[in-house]
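These are my notebook entries on a single protein chain. I set down what I looked up, in the order in which I consulted it.

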Amino acid sequence: MSNQNQVKYVPAGTGPMYCGPGDRVSFLATGAEMQGSCFIFEGLAAPGGGPPPHIHHHEDESFYLLEGNITFHAGGQTIHAKPGDFIRIPRGTVHSLKNEGKVPARALVVISPAMPTGVQQFFEQSFTPTTDRNAPLPPISDELMKRMMAAAARNGMEWVKPA
């Protein structure tokens, strides 16, 4: 049965969740549920967390910051975002973000379009699924880095060495 014309309700603190080094993502609406138009998730970056420079080759990424402060480096700009700020990063743009604060930062993130291979699948293939919303984030390990590198290559992402 298609989810196209069904109401979806995701109570706070529920939904599939994945943990990576310094980050936790909670899926709110998958690409399949949105017929490929977008993938929506809540992202949480622990102090010091956030991905290194990378490119999404097929998807735009938009952030609406809910809590905390995030420093974005995108398209040659440095943006110090605070709650209520919005940033859109077009596909093909080198970008990174980092929580340089002392408390977790939380954002609503929209990936568009949601490709059959893309950001959603990267999380599913490389991060660790969990149901414990208070579990410590996994440390970086060789195994996790191998999974992340392979998942990025399969899903239209490219890691970029910092300048």
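**Entry 1: surroundings of G15**

I looked up the contacts of G15, leaving aside residues up to four places away in sequence, and found V10, F27 and R133; contact here means heavy atoms within 4.5 Å. I note that the model is predicted, that local features need pLDDT of at least 70, that side-chain atom pairs count only at pLDDT 80 or more, and that totals for chains, interfaces and linings use all residues. Residues are numbered from 1 along each chain as its sequence is written, and side-chain values use heavy atoms, with hydrogens and water left out.

I placed G15 in the segment before β1 (17-20). Strands are DSSP runs of E with at least two residues, helices are runs of H or I with at least four, and both are numbered from the N terminus.

**Entry 2: surroundings of Q121**

I found Q121 in helix α1 (residues 119-126). Q121 counts as buried because its relative accessibility is 14%. Which backbone atom does the side chain of Q121 reach? I read the backbone nitrogen of G118, at 2.9 Å. Beyond residues up to four places away in sequence, I listed M115, P116 and N155 as touching Q121.

**Entry 3: the whole chain**

I counted 2 helices and 12 strands in the protein chain. Along the sequence I wrote down the pattern β-β-β-β-β-β-β-β-β-β-α-β-α-β.

I then compared the radius of gyration with the globule rule, 2.2 Å times the number of residues to the power 0.38, taken over C-alpha atoms. For 163 residues a compact globule would have a value near 15 Å, and the protein chain agrees, because it has 15 Å. The C-alpha atoms fill a box of roughly 50 × 35 × 30 Å along the principal axes.

I noted that 40% of the 163 residues count as buried. Of the contacts with a separation of 6 or more, 70% come from residues 24 or more positions apart.

Conventions: Buried < 20%, exposed > 50% of the residue type's maximum accessible area, 1.4 Å probe, protein only. Polar contact = N/O pair within 3.5 Å; in protein donor to acceptor, adjacent residues only side chain to side chain.
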